[in-house]
Amino acid sequence: MSTTALFVIDIQAEFISIADTAIPHAARIHEAGTAIINRARNPSTGRPIIVIVQHSESTDNPNATLIAGTKAWELVFPCQDSAEREMLVQKTTRERSRVCPTRFQGLMRVADVFESNPSLAESLK
């Protein structure tokens with residue numbers, strides 16, 4: 001039997017809810033993300049596993065902004081405390097030097113999640 005998982009990758013305050021650093025269309029992304037996650041959390045949907053991915057950067061990097069514990073680092077869509085089918089995964093890999101067409105950039109982010117968490121695939125089975 002297959003398992004379905006929804007990956008919510010790097011939806012953090014720096015990109016969505018902090019006005020000075022928010023990306024273009026942040027409000028639309030927040031609205032769409034809210035609808036998708038609410039649908040996934042609805043028991044009538046078959047309840048996929050929801051994997052919330054939070055990127056963290058090293059304090060050794062002078063350009064780092066996603067430092068654990070900062071406002072920018074906070075999740076926009078945190079895991080629900082009582083949810084059995086939700087997991088928080090920390091990611092530290094961000095390979096910016098990879099060159100790929102825009103349509104594949106989302107796949108590269110998923111690859112980064114698995115690179116930062118080698119046992120994740122096994123735990124999702």
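User: Hi! Where does Gln 12 lie?
Analyst: Gln 12 lies in the loop between S1 and H1. Those labels stand for strands (E, at least two residues) and helices (H or I, at least four residues), taken as DSSP runs and numbered from the N terminus. Before we go on, this is a predicted model: local features need pLDDT of at least 70, side-chain atom pairs count only at pLDDT 80 or more, and totals for chains, interfaces and linings use all residues. Residues are numbered from 1 along each chain as its sequence is written, and side-chain values use heavy atoms, with hydrogens and water left out.

User: What does Gln 12 touch?
Analyst: Leaving out residues up to four places away in sequence, Gln 12 touches Val 53, Gln 54, His 55, Leu 66, Ala 72, Trp 73, Glu 74, Leu 75 and Val 76. A contact here means heavy atoms within 4.5 Å.

User: Let's zoom out. How many helices and strands are there?
Analyst: The protein chain has 4 helices and 3 strands. From the N terminus on, the elements run β-α-α-β-β-α-α.

User: How do the strands fit together?
Analyst: The 3 strands form an open sheet in the order S1-S2-S3, and the pairing is parallel. Two strands pair if DSSP finds at least two bridges between them. S1 and S3 are the edge strands, each pairing on one side only.

User: How many bridges join S1 to S2?
Analyst: There are 5 bridges joining S1 to S2. For instance, Val 8 stands opposite Ile 52 in S2, and the bridge partner of Ile 9 in S2 is Val 53.

User: How much of S2 is buried?
Analyst: S2 is mostly covered, with 7 of its 7 residues buried. Ile 49, Val 51, Val 53 and His 55 are buried on one side, while Ile 50, Ile 52 and Gln 54 are buried on the other.

User: Why do the residues split into two sets like that?
Analyst: In a regular strand the side chains alternate between the two faces of the sheet.

User: Which residues of H2 are buried?
Analyst: In H2, Ala 26, Gly 33, Ile 37, Ala 40 and Arg 41 are buried. They cover an arc of only 90° around the axis, which puts them on the same side of H2. That arc is taken from the directions from the helix axis to the C-beta atoms.

User: What covers them?
Analyst: The cover includes strand S1 (5–9), helix H1 (13–16), strand S2 (49–55) and strand S3 (86–91).

User: And which exposed residues are on the face turned away?
Analyst: That face of H2 carries the exposed residues Ala 27, Arg 28, Glu 31 and Arg 39. Taking one of them, Arg 28 counts as exposed at 59% relative accessibility. The C-alpha atoms of Arg 28 and Ile 16 are separated by 9.5 Å, and the two residues are 12 residues apart along the chain.

User: Last one: what about Thr 3?
Analyst: Thr 3 is found in the segment before S1 and counts as partly exposed, at 41% relative accessibility. Thr 3 and Ile 49 are 46 residues apart in sequence and 7.7 Å apart in space, C-alpha to C-alpha.

User: And how much of the protein chain counts as buried?
Analyst: Of its 125 residues, 34% count as buried.

Conventions:
Buried means under 20% relative accessible area, exposed over 50%, partly exposed in between (1.4 Å probe, protein chains only).
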